[in-house]
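Keep the picture open while you read, and find each residue as it comes up.

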Amino acid sequence: PIPASQPAPASPPAASAEPAPLAVPISNTWRIMAERTTLAWTTTPHFFLQRRALAGALLAWQRSAQSRSEAKITASDLLVMLCARALVRHPQVNYTWQNGGIVDSPAVNIGLAVAAADGLVVPVIRRADRLSLAEIARARTDLVARARAGRLRLDDVTGGTFTISNLGMFGVERFLAILN
């Protein structure tokens, strides 16, 4: 028996059905990605447009362009070129939201979402509207390789005015993104 002047020993904690969550160490890339997408989602107006498109002509164009080029031409390269041309024709789509207002972007700088080992990064193909398809392919090849090697510079990931993310190679048919 325990004397009345001493408190009873504490009962062991009951076994929980679920383990307590553990903090996972993250890279600087993941932290920045999370901070920027959270900031963008909470401070920038988003809208989503969707249209189904048949890509047979795009893929035929890719095969034709590839047959005439030493550079590897991908569907992403064609999408960069098409988006750049569309932004020149419709410059209001190239506007950005900054400091509570709309800003006209003088350049067409296409960001290309790239999955890297430690997170998603968006290197920028600068002045994409002024580049040939082969130049776009070379810029994409360089940026993607450096992104996956963790060797992007700050200048490589800033100044984008329009971003594309091509997930078609993974069977993705619909994707709604948060602005970076």
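## A buried arginine and its partners

Arg146 counts as buried because its relative accessible area is 8%; buried means under 20%, exposed over 50%, and partly exposed in between, using a 1.4 Å probe and protein chains only. This is a predicted model, in which local features need pLDDT of at least 70, side-chain atom pairs count only at pLDDT 80 or more, and totals for chains, interfaces and linings use all residues. Residues are numbered from 1 along each chain as its sequence is written, and side-chain values use heavy atoms, leaving out hydrogens and water.

Which residues share salt bridges with Arg146? One is Asp142, with the closest N and O atoms 3.0 Å apart. A salt bridge here is a side-chain nitrogen of Lys or Arg within 4 Å of a carboxyl oxygen of Asp or Glu. Arg146 and Asp142 are 4 residues apart in helix α4 (residues 133-148), so about one helical turn separates them. Asp142 is partly exposed, because its relative accessibility is 38%.

With a relative accessible area of 6%, Asp156 is buried.

Now look for Arg153, which forms a salt bridge with Asp156, the closest N and O atoms being 3.4 Å apart. Arg153 is exposed, because its relative accessible area is 51%. Together, Asp142, Arg146, Arg153 and Asp156 are linked in a network of salt bridges. Side chains of opposite charge can pair when their charged atoms come close. A search of the whole structure finds 6 salt bridges.

Is Asp77 buried or exposed? Asp77 counts as buried, because its relative accessibility is 0%. You will find Asp77 in helix α3 (residues 75-89). Leaving aside residues up to four places away in sequence, Asp77 touches Lys72, Leu133, Ile136, Ala137 and Arg140, where contact means heavy atoms within 4.5 Å.

Ala107 is in the loop between β2 (101-103) and β3 (110-112), and is buried with a relative accessible area of 10%. Its contacts, again not counting residues up to four places away in sequence, are Asn94, Arg127 and Thr161. The C-alpha atoms of Ala107 and Asp129 are separated by 8.4 Å, although the two residues are 22 apart along the chain.

## The whole chain

How many helices and strands does the protein chain have? There are 4 helices and 7 strands; these are DSSP runs numbered from the N terminus, with helices being H or I of at least four residues and strands E of at least two. From the N terminus, the order is α-α-α-β-β-β-β-β-β-α-β.

The C-alpha atoms fill a box of roughly 90 × 40 × 35 Å along the principal axes. The radius of gyration is 24 Å, whereas a compact globule of 180 residues would have a value near 16 Å. That radius is taken over C-alpha atoms, and the globule rule is 2.2 Å times the number of residues to the power 0.38. Buried residues make up 26% of the 180 residues in the chain.
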